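Dear colleague,

Please find below the structure that I am handing over to you. My notes on what was found in it follow directly after.

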Amino acid sequence: MKMLINVPETVVADALRGMAAAHPELAVDVENRVIVRKDAPVAGKVALVSGGGSGHEPLHGGFVGPGMLSAACPGEVFTSPVPDQMVRAAAAVDSGAGVLFIVKNYTGDVLNFDMAAELAEDEGVQVAKVLVNDDVAVTDSLYTAGRRGTGATLFVEKIAGAAAEEGMPLERVEAVARQVNENSRSFGVALSACTTPAKGSPTFDLPAGELELGIGIHGEPGRERRPMMTSGEIAEVAVEAILEDLTPRNPVLVLVNGMGATPLLELYGFNAEVQRVLGERGVPVARVLVGNYVTSLDMAGASVTLCQIDEELLRLWDAPVRTPGLRWGM
């Protein structure tokens, strides 16, 4: 497979150096693998820290900035960051108001963030944690106990980030983040496998003319394989899987997310089908976001995330944000 890299061993460091050059508003520590808002710590403000394996960009480093994360910790490709990164990030952004760790439900991330929370608290940092586990496709998959954390991570980081930006205390920011996660569900589909730089070939075999329903963001197995389907048929499967688990009483936020290699032309067409299915099911839509936000390297495919919201959550979603990967209102 052809890749725009030097060597696999330096792909993350090279990307971080490039990010630093492109975004002078961020402090990018290439050696220690920590990305921080340059204005951190912000006096009196709760800090948000997240992280995970590289390969899901712009998640998480691309969501560092006013209105979202205070810091992010990138691991090697599809590999959890280590506790030292998280402790360093927490120390860099803590203003004394506390730090919220936002953790996707993958075993390595959970263990390492738990350990980091203990170490940070030993150093006098007040830490709260929120686990994101929105994927309805499978339970107890290759990398997880319980449901996987996927597209809802963006909703949690944006809405909790806005709450922190408003000056809400740690307990309230944590409660908002939990509310968003509890009200969110996701379902993804792969049209092709992804290729990690180290392996140089597809991570799993998906025959021509087939797709995988319920795929994870590391190429984990889904619910089933089927012959290739139309965009409309895929939308019906994805939305139905979500609505079997979530019965919205309020309007929803909708994320139609590309897995990395699916062009916007296809994603907007897929969104039209998702909106059709939601309309047929009587689900009111408050806001829609379409694009590649929680990716899996070069995987072709998409995921749908719905988040049931109330007036406060919608206000926080609409609040200004300025990060490399998401920005409006500033």
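Trp317 has a relative accessibility of 4% and therefore counts as buried (under 20% relative accessible area, with exposed over 50% and partly exposed in between; 1.4 Å probe, protein chains only). Phe155 is likewise buried, at 0%.

Please note that this is a predicted model, in which local features need pLDDT of at least 70, side-chain atom pairs count only at pLDDT 80 or more, and totals for chains, interfaces and linings use all residues. Residues are numbered from 1 along each chain as its sequence is written, and side-chain values use heavy atoms, with hydrogens and water left out.

Three aromatic pairs were counted; rings of Phe, Tyr and Trp (its six-membered ring) pair if their centres lie within 6.5 Å, planes under 30 degrees apart being stacked, over 60 edge-to-face and the rest tilted. One of them joins Phe101 and Phe113 edge-to-face, at 5.2 Å between centres and 70 degrees between planes. Phe101 belongs to strand S5 (residues 99-104) and Phe113 to helix H3 (residues 107-122), 12 residues apart; helices (H or I, at least four residues) and strands (E, at least two) are DSSP runs, numbered from the N terminus. Both Phe101 and Phe113 are buried.

Phe155 and Trp317 also pair edge-to-face, with 5.3 Å centre to centre and 80 degrees between the planes. Phe155 is in helix H4 (residues 152-165) and Trp317 in helix H8 (residues 311-318), so this pair ties together parts 162 residues apart in sequence. Ring pairs link Phe155, Trp317 and Trp328 into a cluster.

Finally, Glu123 is exposed, at 57% relative accessibility, and is placed in the loop between H3 and strand S6 (127-132).

Yours sincerely
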